[in-house]
Amino acid sequence: MGTPEFAVASLDALLEAGYPVVAVVTAADKPAGRGMKLTESAVKKYAVEKGLLVLQPEKLKNPAFIEQLRTLKADIQVVVAFRMLPEMVWNMPPMGTINLHGSLLPQYRGAAPINWAVINGEKETGVTTFKLQHEIDTGNILLQERFPVGKDDTAGDIHDKMKSIGAALLVKTIDGLVAGTLKEQPQPAALNEGAALKHAPKIFTETCKIDWGKPVDEVYNLIRGLSPFPAAFTLLNEKTFKIYHSIKEKAKPSVDPGQLLTDNKTYLKFAAADGYIHATEIQLEGKRKMMIEEFLRGYRP
C-alpha cells in the first residue's frame with residue numbers, strides 16, 4: 001500500500017527478493033497539470049508495468065474493497081507512504097501490517113519526518129519498520145537503520161538515500177518475520193537523558209515563509225529542509241520568491257533583516273540576524289526555476 005515514488009523502491013525490492021505480491025493498493029488517479037489530465041500514482045505505474053493487480057479505493061472502509069482484500073488472503077500487508085488505515089484493514093492479515101517510516105521512531109512521528117529532521121538541523125536520521133496499531137506511528141518497532149545527514153543535504157537528498165535504505169530494511173524485516181527470528185519491541189515512552197520527542201506535522205504555507213529575524217543557520221536549514229518541495233519562500237517586489245539552494249555567510253549585517261544586497265550580476269543575498277543568506281537557485285512567481293546569475297540578468301530592482 002503506497003502512492004508516491006518513495007514507495008516504488010520498496011515494492012521493487014520486495015519483488016526482487018522473490019516475495020509474491022498479491023495486490024497493490026494505491027491512490028485513485030487524480031487530475032494534474034494545466035490540462036487537468038488524469039494522472040496515475042508512481043506506484044500504480046510501476047505495478048501495471050509488472051502486471052500486478054491494482055486496487056484504488058476512494059474509501060478504505062468501502063465494503064466491496066474490504067471483501068476484495070479478504071479474498072486475496074494476504075499473510076502480511078506493507079504500508080509505505082500511504083494514508084491512515086482503518087482497523088478493519090490493518091488488523092486483517094495473520095502476520096499484521098507493517099509500515100516503513102522515514103525517521104528513527106519515536107522521533108519525528110507524523111506526515112513530514114524527512115523535512116523536519118533537516119529543518120531542525122539533525123546530524124543523523126534513519127528508517128524504522130514497525131507494526132501498525134491505533135495511534136499513528138506508535139506501533140511496536142521491528143528494525144531500524146541510521147545514516148548521517150550531511151550539513152548541506154536537502155530533504156530531496158535525504159529522500160533519495162532513504163528510499164533505497166528503507167527498501168532494503170523492509171526486505172530484511174519481512175525475512176525476519178517469515179523466519180520467526182524478529183521480535184517486535186514497544187516504542188520507548190521517553191528518550192535517554194530526558195531528550196525531547198520531536199514531531200513531524202504536515203507542512204503548511206506558513207511553515208515555508210522565511211523569518212529573516214532568525215539566525216542564518218536556522219534559515220539555511222529551513223531552505224534545505226523544504227527543498228525541492230514545497231520550497232522556502234520570501235517576498236520580492238510583492239511576488240513569491242522561492243529559494244531552493246543557498247549559501248550562508250556569517251557576518252554582522254549592514255542592513256536590516258530581510259533586506260537584500262546584490263551586485264546585479266553574480267549574487268543576491270538577504271540579511272538575517274547574524275549574517276546573510278545567498279540565494280543560489282530560485283524561482284520567482286510566474287517564472288521557472290533558475291540559477292541566480294540567470295535570474296539577475298533579467299532582474300531590475
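# Exercises on strands, helices and rings

In this predicted model, β10 and strand β13 (residues 275–284) pair in the antiparallel sense, with 9 bridges between them. Residues are numbered from 1 along each chain as its sequence is written, and the model is predicted, so local features need pLDDT of at least 70, side-chain atom pairs count only at pLDDT 80 or more, and totals for chains, interfaces and linings use all residues. Side-chain values use heavy atoms, leaving out hydrogens and water.

Helices (H or I, at least four residues) and strands (E, at least two) are DSSP runs, numbered from the N terminus. Two strands pair if DSSP finds at least two bridges between them.

## Exercise 1: the partners of β10

Find the residue opposite I247 in β13, then describe how strand β9 is joined to β10.

Step 1. Start from I247: the residue opposite is H278 in β13.

Step 2. Turn to strand β9 (residues 232–236), which is joined to β10 by 5 bridges, the two running antiparallel. One place to check this is F233, whose bridge partner in β10 is K242.

Step 3. Look at the hairpin of β9 and β10. There are 2 residues between the strands, and N237 has a positive phi near 50 degrees.

## Exercise 2: an open sheet and its helices

Work out the strand order of the open sheet formed by 4 strands, and say which strands stand at the edges.

Step 1. The order is β5-β6-β7-β8, and the pairing is mixed.

Step 2. β5 (77–80) and β8 (141–148) each have a single partner strand, so they stand at the edges and one side of each has no neighbour in the sheet.

Step 3. Now the geometry: from one strand to the next the twist averages 15 degrees. Here axes are lines fitted to C-alpha atoms, for helices over the stretch in contact, and angles run from 0 to 180 degrees between N-to-C directions.

Step 4. F130 has I141 as its bridge partner in β8.

Step 5. Contact means heavy atoms within 4.5 Å. α6 lies across β5, β6, β7 and β8, and runs at about 150 degrees to β8.

Step 6. Check the span of α6 (residues 155–179): its 25 residues reach 35 Å from first C-alpha to last, close to the 36 Å expected at 1.5 Å a residue. The expected span is 1.5 Å times one less than the number of residues. After α6 comes G180, with a positive phi near 75 degrees.

## Exercise 3: aromatic pairs

Classify the ring pair of W212 and F270 and that of F241 and F295.

Step 1. Set the rule: rings of Phe, Tyr and Trp (its six-membered ring) pair if their centres lie within 6.5 Å, and planes under 30 degrees apart count as stacked, over 60 as edge-to-face and the rest as tilted. A search of the whole structure gives 4 aromatic pairs.

Step 2. W212 and F270 have ring centres 4.8 Å apart and planes at 15 degrees, so this pair is stacked. W212 is in the loop between α7 (205–208) and α8 (216–225), while F270 is in strand β12 (residues 268–272), 58 residues apart.

Step 3. Buried means under 20% relative accessible area, exposed over 50%, partly exposed in between (1.4 Å probe, protein chains only). W212 is buried at 7% relative accessibility, and F270 is buried at 1%.

Step 4. F241 and F295 have ring centres 5.5 Å apart and planes at 55 degrees, so this pair is tilted. F241 belongs to β10 (residues 239–250) and F295 to helix α9 (residues 292–298), 54 residues apart.

Step 5. F241 is buried at 0% relative accessibility, and F295 at 8%.

## Exercise 4: the surroundings of W90

Is W90 buried or exposed, and which residues is W90 in contact with, leaving aside its neighbours within four places in sequence?

Step 1. Locate W90 in helix α4 (residues 87–90).

Step 2. W90 has a relative accessible area of 11%, so this residue is buried.

Step 3. Beyond those neighbours, the contacts of W90 are Q77, L85, G96, T97, L132, Q133 and H134. W90 and Q133 are 43 residues apart in sequence, and their C-alpha atoms are 7.7 Å apart in space.
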